[in-house]
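Keep the structure open and follow along.

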Amino acid sequence: QQTHQQNTQGEGDARGGRHASTVDGLCNLERHCAACARLRPIVVDGRDVALRALCRVDRDGAYAAAALTAHRRELTDTREAALAYELVFGVLRRRSWLDHLLRGVATKGLKKIDPEILNILRMGAYQIAFMKKIPPSAAVFESVARAKRTPAARLSGLVNALLRQLT
C-alpha cells in the first residue's frame, strides 16, 4: 500500500505548498489531500465535529449552534450528530465546572495547555462525568486518539494521565 510520501513525492498541495508533516504516513492538513483520501477514506464522527465546533467557539467567538451547523453536513448518522450536539452544549454549559475538575488533577494548571488539547480534555471529562452510556475507558481512549491527531500530539500522554485520574 502506498504511503502519503510515496504518493506525493515532489508534488505540492492544492495551495501550491508542500504537504504538512505526516503522522502514520498520512497528510496532517485540516482536510486530507486528495492523494491521502484515495488511500484511506476520511471518517468523521460526532467527537471530531464537536471538537472543531468548540475550537471555533474559542478561537473565533462563534456561536455554538452556528459552528455545529457548519460541520453538521459531514455527519451521516443521526446518533453521531446527537453526540456532537450533546458534547458541544454540555461542555459549554459546564465549562467552569469541568475546568475546576481538571485543575484538581493537573499539577501545573491549565493556562499553558494548548487550546485544542484543553477542549479535548473538557470533552473527555464531560463524557466521564455526565454521559453514563459511554464507558470511561472509551472516553479516555477516544480523547487520546484525538490528541494524537493534533499538532500538539506530544501532549497525548498528558490527556491520558489527566483523564485516567478522573475515572
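This is a predicted model: local features need pLDDT of at least 70, side-chain atom pairs count only at pLDDT 80 or more; totals for chains, interfaces and linings use all residues.

Which residues of α6 and α7 meet? On the α6 side they are R95, W97, L98, D99, L101 and L102, and on the α7 side L121, R122, A125, Y126, A129 and F130. Sorted by class, the contact of α6 with α7 has nine nonpolar residues, three charged ones and no polar ones.

## The whole protein

Stepping back, the protein has nine helices and two strands. Along the sequence they run in the pattern α-β-β-α-α-α-α-α-α-α-α.

Of the 167 residues in the protein, 43% are buried. Take the contacts between residues at least 6 apart in sequence: 56% of them join residues at least 24 apart.

## Helix α3 and its partners

Helix α3 covers residues 46–60, which is 15 residues. From first C-alpha to last it reaches 21 Å, close to the 21 Å expected at 1.5 Å a residue. After α3 comes G61, with a positive phi near 70 degrees.

Which residues of α3 are buried? They are G46, R47, D48, V49, A50, L51, A53, L54, C55 and V57. These buried residues pack against α4 (64–72), α5 (78–93), α7 and α8 (136–148).

Setting aside neighbours within four places in sequence, L54 is in contact with V88, V91, L92, N119 and M123. L54 and V88 are 34 residues apart in sequence, yet their C-alpha atoms are 6.3 Å apart in space.

## The largest nonpolar core

The largest nonpolar core has 43 residues. Those that touch the most other members are L87, V88, I117, L121, M123, V159 and L163. Helices α3, α4, α5, α6, α7, α8 and α9 (156–166) each supply at least two residues of this core. Which helix gives the largest share? That is α7, with eight residues.

Not counting residues up to four places away in sequence, L87 touches R47, A50, M123, Y126, Q127 and M131. Two of the names there, R47 and A50, are also on the list of buried α3 residues.

## Two residues on α7

Q127 and A129 both sit on α7. Is Q127 buried or exposed? Q127 has 1% relative accessibility and therefore counts as buried. Beyond neighbours within four places in sequence, Q127 is in contact with R47, L87, I134, A139 and S143.

A129 has 24% relative accessibility, so it counts as partly exposed. A129 is one of the α7 residues that meet α6. In sequence, A129 is 37 residues from L166, while the C-alpha to C-alpha distance between them is 8.4 Å.

A147 belongs to helix α8. With a relative accessible area of 0%, A147 is buried. Leaving out neighbours within four places in sequence, A147 is in contact with I117, I120, A152, A153, S156 and V159. Two of these, I117 and V159, are among the core residues that touch the most other members. A147 and I117 lie 30 residues apart in sequence and 6.3 Å apart in space, C-alpha to C-alpha.

Finally, find L158 in helix α9. L158 and A147 are 11 residues apart in sequence and 9.4 Å apart in space, C-alpha to C-alpha.

Key:
Residues are numbered from 1 along each chain as its sequence is written. Side-chain values use heavy atoms; hydrogens and water are left out. Contact means heavy atoms within 4.5 Å. Helices (H or I, at least four residues) and strands (E, at least two) are DSSP runs, numbered from the N terminus. Ala, Val, Leu, Ile, Met, Phe, Trp, Tyr, Cys and Pro count as nonpolar, Asp, Glu, Lys and Arg as charged, and the others, Gly among them, as polar. The expected span of a helix is 1.5 Å times one less than its number of residues. Buried means under 20% relative accessible area, exposed over 50%, partly exposed in between (1.4 Å probe, protein chains only). A nonpolar core is a set of buried Ala, Val, Leu, Ile, Met, Phe, Trp, Tyr and Cys residues joined through side-chain atoms within 4.5 Å.
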